[in-house]
Amino acid sequence: MFMEKLVRETERLSLICSMLDTMRRADKDRNARGWTSPIGMLKITRCCAMISELATSIAKAGYRECDRQSLEEIMSETRQVLYLLNARAAG
């Protein structure tokens, strides 16, 4: 159950941040819109929080639904997204 939710939320984050979506939403000068807006950044942060919550639940369950390496890779990717988001907001 947790793994299915984790996969869905990871896919959702991927769709929000995808290059095709970014290009589709770009303005006439090819500057990214959508996910760089305050609402877009909030959606990304919410997805990352949900992924973290689900991964924590899986970890507490003893990695029954997902092997440890896969879970660590998912969390690493999620942290990278948050670090990039934070750097973009600060810059």
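Reply: Let's start with a term: a residue is buried when its relative accessible area is under 20%, exposed when over 50%, and partly exposed in between (1.4 Å probe, protein chains only). Before we look around, note that this is a predicted model, in which local features need pLDDT of at least 70 and side-chain atom pairs count only at pLDDT 80 or more, while totals for chains, interfaces and linings use all residues. Residues are numbered from 1 along each chain as its sequence is written, and side-chain values use heavy atoms, with hydrogens and water left out.

Me: How many helices and strands are in the protein chain?

Reply: Helices (H or I, at least four residues) and strands (E, at least two) are DSSP runs, numbered from the N terminus. In this protein chain you will find 4 helices and 0 strands, so the pattern along the sequence reads α-α-α-α.

Me: What share of the 91 residues is buried?

Reply: Buried residues account for 22% of the 91 residues in the chain. Accessible areas come from the Shrake-Rupley method with a 1.4 Å probe, and for residues only the protein chains shown count as cover. By that method the chain exposes about 6,500 Å², and carbon and sulfur atoms supply 56% of it.

Me: Now for the helices together. What share of the contacts between residues at least 6 apart in sequence join residues at least 24 apart?

Reply: Contact means heavy atoms within 4.5 Å. For the pairs you describe, the share is 68%. Some pairs can be followed through their C-alpha atoms. Ile58, in helix H3, is 52 residues from Leu6 along the chain, yet their C-alpha atoms are separated by 9.2 Å. Ser57, also in helix H3, and Met3 are 54 residues apart in sequence and 9.6 Å apart in space, C-alpha to C-alpha. Ile58 is buried at 1% relative accessible area, whereas Ser57 is partly exposed at 23%.

Me: Which residues have the most contacts inside the largest nonpolar core?

Reply: In soluble globular proteins, nonpolar side chains tend to be buried together. A nonpolar core is a set of buried Ala, Val, Leu, Ile, Met, Phe, Trp, Tyr and Cys residues joined through side-chain atoms within 4.5 Å. The largest one here has 13 residues, and those with the most contacts inside it are Leu6, Leu13, Ile44, Ile51 and Leu71. H1, H3 and H4 each supply at least two residues of this core, and its largest share, 7 residues, comes from H3. Take Ile44 as a case: it sits in helix H3 and is buried at 0% relative accessibility. From Ile44 to Val81 is 37 residues in sequence and 8.3 Å in space, C-alpha to C-alpha.

Me: Which side chains meet in a salt bridge?

Reply: Side chains of opposite charge can pair when their charged atoms come close. A salt bridge is a side-chain nitrogen of Lys or Arg within 4 Å of a carboxyl oxygen of Asp or Glu. The structure holds 1, between Glu9 and Arg46, at 3.8 Å from N to O. This pair links distant parts of the chain, with Glu9 in helix H1 (residues 2-17) and Arg46 in helix H3 (residues 38-60), 37 residues apart.

Me: Is Glu9 buried or exposed?

Reply: Glu9 counts as buried, at 9% relative accessibility. Leaving aside neighbours within four places in sequence, Glu9 is in contact with Arg46, Cys47, Met50, Ile51 and Leu54.

Me: How many disulfides are found in the whole structure?

Reply: A disulfide is a pair of cysteine sulfur atoms within 2.5 Å. The search finds 0. The cysteine sulfur closest to that of Cys47 is in Cys48, 6.9 Å away, which is too far for a bond. Both residues are buried, Cys47 at 0% and Cys48 at 2% relative accessibility.

Me: One more residue, please. Where does Thr78 lie?

Reply: Thr78 lies in helix H4 (residues 68-90), and is buried at 5% relative accessibility. A polar atom of the Thr78 side chain is 2.9 Å from the backbone oxygen of Ile74. Beyond its neighbours within four places in sequence, Thr78 is in contact with Cys48 and Ile51.

Technical notes
Polar contact = N/O pair within 3.5 Å; in protein donor to acceptor, adjacent residues only side chain to side chain.
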